[in-house]
Structure formats: C-alpha cells, structure tokens
Amino acid sequence: MTALLSIKTRRTKLGHDEKKESTLEDSRKVVHLRVYRKNPKQDKSSHFDKFEVPVQRWTTVLDALLHAKEYLDKSIAIRYSCRMASCGSCGMKINGIPRLACYTKISEIDGNIITCEPLPNFPVIRDLVGDFSDFFDHHGAMEPFIHNQNVDIIDKNRLTEFIQTPEDVENYLQFSYCIKCGLCYSACPSVGSDTRFPGPQALAQAYRYVADNRDDATQSRLNIVDNKHGIWRCHFAGSCSVVCPKGVDPALGIQLLRGHLVNFSKNDKKLAESRTRDLGKT
Amino acid sequence: MKSSNEDRIYSDGNRRENHEGLKAWLNPSRYGWERISYWLQRLTGVFLLIYFVGHVIETSSLVDGKDAWNAMLELTQTTWGHLFLILVIGTSTFHSANGIRLLFTETGRGLGKPGRPDYPYSPVSLNYRQKSGIWIALILAATAMLYGASILFAGE
Ligand code: HEM
Ligand code: SF4
Ligand code: FES
C-alpha cells in the first residue's frame, strides 16, 4: 500500500513535496538499489544484485540504474531511450508497482531501498528487459489506423480533408496519448492469466478509433474485440488506469467500448460515413 | 500480423513466462479499491456457487421424508451453522449490491467522459461516485450480517 500511496502523492500534488525532499538531502544521500538479474540463456533462477548509489533531489530511478551500470556493473540490462516519459521503454516494477523508471523520482519513494524488477506479464529477455512481442501483436490486431471507405487515400487527387471540432477530438484524444509502455498490461490481472486477452492498452486503442468520427469501421472493430478471449475478460479491476503514466485511463476506454457492444452508448459518435460523404461532394 | 515464435528473442519461447497467473487475483492489495472489488466479487461469487450446490443438496433431502429434512435443518442450528449462514448473508448482500454497481460501470455508465488529460493525470473512471458503490456494498453486507447475527443468536 505504501508504494500505491506514493503513486497517489505524485498524481495529486503538482508541486514538490518539499519537506520530504529536504529530509532526503539531509539524511539519504545514498540509496540501496536491488536489481533483478537473470539471463534466461544461462541462468536457471534469478537473483538480486545490490548497489549503493548516491542520489540528489532530482535523481530518478533510471538515473540511479544508469549510475550503477556505468560505475558498478556494466552488465545490467535496461531498456530506455528518451528519459522523459515519452518513448515508453523504461517500464519496470519498482517496489512492487509497474512504473516508468525515468518518471519516478527516488525522493517520491518511501525508505531507501529500491527494488527494480522486470514488468510482470512480459517474458524476460534479460534482467529488467521484457519481450513486448505479444503486447505489440495485440496492439496491431486492433488495426490502429483510420478506416474510411469514402476517402481514397491512394489517389492523391481525390484526397479530402477530415474536419473535426475540438469536441470531436476530445472524444479520443486521451487514448491517443498512449506511449505503449506496457505498464497497464503488466498491472492487469486478466492479462496475467490469459495471453490471448488483448489487454488494456490494445482495447483502449480499439475504443480510440471507435470514438474517432473520421473512422467508419465501428462494426468490424467491435467484431475484433467481441470474442471468447476478448473484451469480456475485463473485470474492471481498474489497475491499468492506476498505473498509466500518461492519463490514458484505459479502463474508461474499455468500459465505453463495452457500452457500444451492448448498445448503451452508441450516440457518442457521429457517423463518419455521412460526414465524409458530404465532404467528398464539396 | 503475428510474430512467430522464431522471431522472439527470449530463450524458451514460452509466452506465459513471468506472467502473474492466479497470483494477480490472490493479491488484491496493490492497486486500490477497484482491485479489491474485483477480488471480492469473484471470491463471493465462487462462495455463493458452492453454497447453492450445498443448498440444492440440503433441500433435496425433503424427498427422503420429514426426518431427513429435519436432520438437515439441525445442521444450521449449531453455532458453526449460524456462522456459516451469516457468511451467506454477507456474501450474497455484497455480491448483489456490488454486482449492480458493476452492471453499470462495466457498460460505461457513471465513469465520466474522456477529456483533455492534464498532469497530474487522475483517471476519471476511478472516480468516487462509482468507488463509493463498493463501500456501500460493504456497509450493506456488514449491516445485514449484524442483523442476521442478532436474529440467529437471539435464542441462545
Ligand atoms: C443479484 C444477484 C447477482 C448479481 C447482480 C450478480 C452480478 C455479478 C456480476 C456483474 C459479476 C461480474 C463481475 C466481473 O465482471 O468480474 C458477477 C460475478 C460472479 N457471480 Fe454474480 N451476481 C449475482 C448473483 C450471483 C449468484 C447467486 C451466484 C452463485 C450462484 C453468482 C456467482 C458469480 C460468480 C462465480 C462470479 C465470478 C465470475 C467472475 O469473476 O467474472 N452470482 N456477478
Ligand atoms: S495505456 Fe498508459 S500504461 Fe498502457 S501502454 Fe499506454 S501509456 Fe502505457
Ligand atoms: S526512457 Fe523513455 S519513457 Fe522512460
């Protein structure tokens, strides 16, 4: 629960928690990193390596790991790129909760032991690096691009503009902020027991296109998720939305999509067909 | 297009490796109230299923005559029998009340609308309106259990 509470602290307070951070400067100049180590090609079982790392107020878990990699053990495997919560590659389990290492400051974490493990629900390639093949396959299966029969995207001369109002955009905008970091996928209990379940990320993307009034493939999109291992395996445990670092709220997308399937919320989409047909004429 | 197993970099090609499995359900402590609701709904659901099987066996004893039926009823007249019935009252109350909440939330009602996400992102679907449904279900269950206990144990 403490780790969860510290997530809440980050989410609910815009400013810095100054009291906590100043005590950090006084008393905790060094933290103990516990890093999960396993190379499945060589090792039968995993173990944790411990590193003492100096930290500042602004040090992130990724900074600390990179310090350990640079000065203490070059063989630690980590995946990262942007260091600013944009690329989605540094997801890992930090003190029990899936988080982005570059988006988690050491000063937000209670205690001075930081345990880093690979994301659950992703097979381990090495150390903290998981295999995202299944995750990306699920995303791809949602056909994450606009379908519109009335607009020819091959013939340049027939190109037409898709016009949307700001309100139209807000129907799907938050879902398009997804950086495919997989935190939601690793927090989801249904993914944990069913590899064929698309998971929160993919299902939220299915809704993103259903809610987009440029897209006219609602029915076929619903068919993709409406099957035995599909959307019905979501039980609204809400954990995906708790851990999502970008405010996507995948649980919202999934429940709204299910609303479409049971015909409760069909009015929140103006049909792309008529709109673009009209546009084509002008 | 699916990646084939040969495309996978990890050693044994086992897609289930590192998946949480049943552990994800067994530990509801890490992700807030909705996760607890998910855990309790299934726990109470499975309990009720077992209860219903037992209930059918119990009532079918009527076929064997009055004595058999009375012998069955005796089972519920013990302290353990009372405690079991109180558990049935609590689980069925929670399961029905939270089940009604889930019928709404799982079809997208009461969760709020998508909007422009701003830092610090707070997901609208985890709002207090729907969360309070879990607390109401828990309070109703506790009240029903207390009321049941007051009646069942009154005669002793
Ligand atoms: C008023 C009566 C009831 C209501 C409103 C209700 C509602 C629900 C709902 C909405 C769920 C799905 C939760 C989810 O998606 O995870 C559920 C799950 C379940 N229910 Fe009920 N239920 C009722 C009675 C019963 C009874 C009498 C039984 C047992 C015989 C039962 C057994 C189960 C089981 C085993 C589950 C777990 C399935 C799962 O985890 O998905 N329910 N219930
Ligand atoms: S929905 Fe959120 S948690 Fe899930 S992959 Fe996208 S950004 Fe990451
Ligand atoms: S390094 Fe890009 S999201 Fe963390």
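Ligand 2 has 14 residues around it, and C178(A), C181(A), G182(A), C184(A) and C244(A) come nearest. A residue counts as near a molecule if one of its heavy atoms lies within 4 Å of it. This is a predicted model, where local features need pLDDT of at least 70, side-chain atom pairs count only at pLDDT 80 or more, and totals for chains, interfaces and linings use all residues. Residues are numbered from 1 along each chain as its sequence is written, chains are lettered from A and ligands numbered from 1 in the order in which they are written, and side-chain values use heavy atoms, with hydrogens and water left out.

The shell around ligand 2 holds ten nonpolar, two polar and two charged residues. Here Cys counts as nonpolar, and Gly as polar.

Now to the two chains. In chain B, 46 residues are in contact with 60 residues of chain A, contact being heavy atoms within 4.5 Å. The size of an interface is often given as the accessible area lost when the parts come together. Chains B and A bury about 4800 Å² between them, taken with a 1.4 Å probe and summed over both. Carbon and sulfur atoms carry 56% of that area.

One salt bridge is counted between chain B and chain A. R116(B) and E170(A) form a salt bridge through their side chains, at 3.1 Å from N to O; the cut-off is a side-chain nitrogen of Lys or Arg within 4 Å of a carboxyl oxygen of Asp or Glu. Polar contacts link 19 residue pairs across the interface, both residues at pLDDT 80 or more. Such a contact is a pair of N or O atoms within 3.5 Å; within protein, one must be able to donate a hydrogen and the other to accept it, and residues adjacent in sequence count only if both atoms are side-chain atoms.

Ligand 1 lies between chains A and B. A polar side-chain atom of H235(A) lies 2.8 Å from a ligand 1 oxygen atom. For R42(B), the distance to an oxygen atom of ligand 1 is 2.6 Å.

Technical notes
Buried area = accessible area lost by both parts, 1.4 Å probe.
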